Structures are given as C-alpha cells and as structure tokens.
Amino acid sequence: MKLQDRVALITGGGSGIGEATALLFAGEGAKLALCDLREENVSRVAKDIADKGGKSRYYLADVSSEEQVQGMVAKVVSDFGRLDILINNAGITRDALVRRMKEEQWNQVIDINLKGSFLCAKTVSFPMAEQKYGKINNTSSIGSLGNIGQANYAASKAGVIGLTKTLALELARFNINVNCVAPGATLTPMTAAIPKDIAERYKEKIPLKRFADPKEVAYVHLFLASVEASYITGQVIFVDGGVSVGF
C-alpha cells in the first residue's frame, strides 16, 4: 500500500474532494485525521473509514483561526504520534461581481482559502521538520486563472499557488515536499448548486465534456503524497479536463 501507516490530516474532510481523498488514503493504509466544521459530515466519513477497518479521528476547527489550527495539529500529533501528510482542502465561495462584492465576502474567502492554507502549512511544518519528512498538498483551482463573479475566489486560489512555490523553497531543507492540485469543475456539493442549464453550458467548454469525479482529484493527491513523487516539489497540477490549456 502506498501510504502504509502514514498519518494524513485533511481539512474539509467531511465532503466532496476531501471525503474522496480520505477514503482513498485509508484504502492505501493511511491513518486519517479529518478536519471540518460540520460535525455531522466529518463524523460520518470517520465512521465509514472505521467500518472498513481503517483508523481515523475527526477534529472540529476553523482553519482561519491560528489558535484553533495550532490546537488541532497538537492534538493530531498527540493522538497519532506523528504527522506525515497535510491536504489543505478546505475552501468556500462567496460569489459576486466586483462592483457588488461586499468586504465581508472578500474577507471570508481569503481567510478560509488562503489564510487557512498558510496557517495549516505553517503549523504542520514544525512536527514535519522535526521528523525530517512531510508532504503538503495545497488546493488551488482553475478559478485561479480568472472567472467572472469570483474575484475573491480567484485571488485566493492564485495566492495559494504563490504560497505553494514559496513553501516548497523554504521547506525543502527539511525534506518536506509542497505541491498544489488545481481542480476544475468537480461533482461536489459546491457545484451541485449550479443551475442545470448553466452546468450543461459549462461542460461544453471542457475538452473532456464532463465534470470530474472527486476521486479523480483524490488520485492526484495520492500520487503527490506517495514516495512516487519524492522528487517533485513546488509544482501545480491542473485536474480540469483540459480547460487550462485554452488559457
């Protein structure tokens, strides 16, 4: 198994790509620490993993709070004895055209998507540096290339790319690989809210003519978290059905 006995912390682990990644990692032998704010979702995923013979615990934490992130990471290390992998997956949208976007909508998205990724990566870097091993996978998006009505989201996800490249340079001396996965439209609760006619029109713009299954993104996280990617750091992989090729 590719992740035998590795301890992986996944933020936003209660649904969508986070859930798919957690289940995939568990099947590859990892021990899962799942972070989310929605207890009903994340407890269900943890139970699903346990029912299949895996090991997981869940933690309720707001990734935009340094105090909560530090407390969560300390608890994970205490519970599991180590921390090998971070999947920075938690993210939100608060869409609006720039001229109508409220400061609160801007701040909420930047705080969760960008600040949250920074806080989690910063905090896990300490136990990872001590053990001289770590894998940090951040989450950007096809939206980082720009999208009408998503100035806040695009800025946050473009910022995650810059964060990834800088962390890769700073943490390489500790044998910590830092990479970034940038999904396109994926079948998650977030995209389920898109009106059907708009979703169908968007599919026509995708070279593969469909949305991604969350597991297709999870497989990229698995590769980057495995020994197979030990010489890859500071990279961004678009999992978008070919959309980014046209940019």
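Here are legends for a set of close-up views of this predicted model. Residues are numbered from 1 along each chain as its sequence is written, and side-chain values use heavy atoms, with hydrogens and water left out. Because the model is predicted, local features need pLDDT of at least 70 and side-chain atom pairs count only at pLDDT 80 or more, while totals for chains, interfaces and linings use all residues.

**View 1. Helix α4 alongside helix α5.** Helices here are DSSP runs (H or I, at least four residues) and strands likewise (E, at least two), numbered from the N terminus. α4 covers residues 103-131 and α5 covers residues 151-171; their axes come within 8 Å and cross at roughly 15°. (Axes are lines fitted to C-alpha atoms, for helices over the stretch in contact, and angles run from 0 to 180 degrees between N-to-C directions.) The two helices are therefore roughly parallel to each other. For that wording, angles under 35 degrees count as roughly parallel, over 145 as roughly antiparallel, 65 to 115 as roughly perpendicular and the rest as oblique.

**View 2. The residues between α4 and α5.** Contact means heavy atoms within 4.5 Å. On the α4 side, the residues that meet α5 include Trp106, Val109, Ile110, Leu114, Ser117 and Phe118. From α5, the partners include Tyr153, Lys157, Val160, Leu163 and Leu167. By class, this contact has 13 nonpolar, seven polar and one charged residues. (Ala, Val, Leu, Ile, Met, Phe, Trp, Tyr, Cys and Pro count as nonpolar, Asp, Glu, Lys and Arg as charged, and the others, Gly among them, as polar.)

**View 3. Zooming in on Ser117.** Ser117 sits in helix α4. Is Ser117 buried or exposed? Ser117 is buried, at a relative accessible area of 4%; buried means under 20%, exposed over 50% and partly exposed in between (1.4 Å probe, protein chains only). Leaving out residues up to four places away in sequence, Ser117 touches Asn88, Ile112, Asn138, Val160 and Leu163.

View 4. A disulfide is a covalent bond between the sulfur atoms of two cysteines. The rule used here asks for a pair of cysteine sulfur atoms within 2.5 Å, and by this rule the count comes to zero disulfides. The sulfur of Cys35 has its closest cysteine sulfur in Cys120, and at 6.3 Å that is too far for a bond. Cys35 is buried, with 1% relative accessibility, and Cys120 is buried with a relative accessible area of 1%.

**View 5. Helix α1 against helix α8.** α1 (residues 16-27) and α8 (residues 214-225) pack at an angle of about 55°, with their axes 8 Å apart. That makes them oblique to each other, and their crossing is right-handed. Among the residues making the contact are Ile17, Leu24 and Phe25 of α1 and Val217, Tyr219, His221 and Leu222 of α8. Sorted by class, the contact of α1 with α8 has ten nonpolar, three polar and one charged residues.

**View 6. Helix α1 against helix α2.** With α2 (residues 39-51), α1 packs at an angle of about 20°, and the axes are 10 Å apart. So α1 is roughly parallel to α2, and the crossing is right-handed. Glu19, Ala22, Leu23 and Ala26 of α1 meet Arg44, Val45, Asp48 and Ile49 of α2. This set divides into five nonpolar, no polar and three charged residues.

View 7. Ala229 lies in the loop between α8 and β7 (236-239). Ala229 is buried, with a relative accessible area of 0%. Which residues does Ala229 touch, not counting those up to four places away in sequence? They are Lys135, Asn177, Phe223 and Leu224. Lys135 is 94 residues apart from Ala229 along the chain, yet their C-alpha atoms are separated by 9.6 Å.

**View 8. Two residues with positive phi.** Asp5, in the segment before β1 (7-11), has a phi near 65°, a positive value in a residue other than glycine. Asp5 is partly exposed, at 43% relative accessibility. Lys209, in the loop between α7 (196-203) and α8, has a phi near 60°. Lys209 is partly exposed as well, with a relative accessible area of 44%.

Methods:
Left-handed = near helix turned anticlockwise from the far one by under 90°.
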